[in-house]
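Please work through each task before turning to its solution.

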Amino acid sequence: MSLLRFYAANTGEALTLLGQHLLLVLASTLVAVALGVPLGILLTRRPRLRGPVLGVANVFQTIPSLALFGFLIPLPFLGGIGARTAVVALVVYALLPIIRNTYAGIQGIDPAVREAGLGMGMTSGELLRLVELPLAAGFIMAGVRIATVIGVGVATIGAAIGAGGLGVYIFRGVAMVNDTLILAGALPAALMALGFDYGLGRIERAVRGER
Amino acid sequence: MSPAAGEAVASCRGASVAFADGHVALRDLTLDVARGETLVLLGRSGSGKTTTLKLLNALVLPTSGEVVVEGRATREWEPHRLRRRIGYVIQDIGLFPHFTVERNVALLPVLERWEPDRVRARVTEMLRLVGLEPSTFLRRFPRELSGGQRQRVGIARALAADPDLLLMDEPFGALDPLTRAELQREFKALCRRLGKTIVFVTHDVREAMLLGDRLALLHEGRLAFAGAPDELRRAAHPEARAFAATLDS
């Protein structure tokens, strides 16, 4: 009840923070897809890079998110205070599931299919466009879904470096020992994560169903 | 078809293949494929027959010696240009699971930018050729076909761009005996009719005798015998005698 009263009194601010949060997640996921899918494809073409690239992405994932935000602040160009730094950190977290699923999805295709394609004279690009990406699409979408859901959670910490988002309420609530404030940030974030999980899950199933 | 029957479409000249792990799959193989013939590569598992086949479409390049196809060494061909002139059928077929039968068969003609009408006509013609009624099968997906039907589609797909040379790697190996016999019989008739040059890999000596104009027997990466099927029984090489002996059992 007190939560509803809070929203009623602070509708404008709540919507702004929600919008900022959504923007952080969408921007970082888009960048992570633009980087991660090509990297995943590259790993299927250059197997030697697999260990180092997945290793680095793995290590990034293990850095506690608050520490990662902290590390980024002193960096030129990528770092500093604000939304840009938060997007960089979110991209770092989102990369691993996207790279890994792109790689695994293509690698998991029946080798006979690839051999037949190559043997018939498809170029590497034709094989990728017509066969590998369509067959791996379900896997890749699953990676995007996981990355987005993680991103919604991690983005709450963006408030610590002035990136805005729903984390602002959470941090303020923690500082003031005010459960209503914490909930005002945490509840919409949780709903947003569930929403992305459901929506992207539907897309994923639709993409898989084509086969 | 070229009028020059007997001319070599492809030849291996002292070709050896050693893999990165040091395993030598082929040693100093010299073998011609004559235009219009069906050459069967016979041998046990690991004898080098599949490697020989892959030399011909540059899926494998010789580590020494050379392989010449249509007058040019395979390392000088642009791989996909060479492969589009050569039909390729493998035991696991490798139909594209997300494509209908129609799109599978149409693949190369579409990549080669044929007119849509011509592609459609060609696909229909190819399906009839391999004994599949187009109206029934065009819209189906590979998962909706039996093993024999899939391999028929595989053959139709390999023939769609009208290659002169057809490479087949144990295409009937995974089929049940009845379907296999049926496809062997039809395939033999088809070969006669089309006059293609065919290189056919099998470990089944009966299949080799049935389909081959000529046999090449490989043993541990070396050519143990090459000649007409009825000469196999008279060959001196122990591996040839071992294979010939199974014919009488």
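**Exercise 1.** Which residue in strand 7 of chain B does B:Val89 stand opposite?

*Solution.* The model is a predicted one, in which local features need pLDDT of at least 70, side-chain atom pairs count only at pLDDT 80 or more, and totals for chains, interfaces and linings use all residues. Residues are numbered from 1 along each chain as its sequence is written, while chains are lettered from A and ligands numbered from 1 in the order in which they are written. B:Val89 stands opposite B:Met168. Strand 6 of chain B and strand 7 (residues 165-169) of chain B run parallel and are joined by five bridges; strands are DSSP runs of E with at least two residues, helices DSSP runs of H or I with at least four, both numbered from the N terminus.

**Exercise 2.** Describe the sheet of chain B that has the order 6-7-8-3-9-10.

*Solution.* This is an open sheet of six strands with mixed pairing, where two strands pair if DSSP finds at least two bridges between them. Strand 6 and strand 10 (222-227) of chain B each have a single partner strand, so one side of each is left without a neighbour in the sheet. From one strand to the next, the twist averages 15°. Helix 9 (residues 238-248) of chain B lies across strand 3 (38-42), strand 9 (214-219) and strand 10 of chain B, and runs at about 120° to strand 9 of chain B; axes are lines fitted to C-alpha atoms, for helices over the stretch in contact, and angles run from 0 to 180 degrees between N-to-C directions.

**Exercise 3.** Characterise how helix 4 of chain A meets helix 5 of chain A.

*Solution.* The axes of helix 4 (residues 65-72) of chain A and helix 5 (residues 83-107) of chain A come within 10 Å and cross at roughly 130°. The two helices are therefore oblique to each other, given that angles under 35 degrees count as roughly parallel, over 145 as roughly antiparallel, 65 to 115 as roughly perpendicular and the rest as oblique. Helix 4 of chain A contributes A:Ser65, A:Leu68, A:Phe69 and A:Leu72 to the contact, and helix 5 of chain A contributes A:Thr85, A:Val88, A:Ala89 and A:Val92, two residues being in contact if their C-beta atoms, placed from the backbone, lie within 7 Å.

**Exercise 4.** How many residues does each chain give to the contact between chain A and chain B?

*Solution.* Chain B gives 16 residues and chain A gives 16 residues. On the side of chain B that touches chain A, the elements giving two or more residues are helix 2 (79-84), strand 6 (86-90) and helix 3 (101-111) of chain B.
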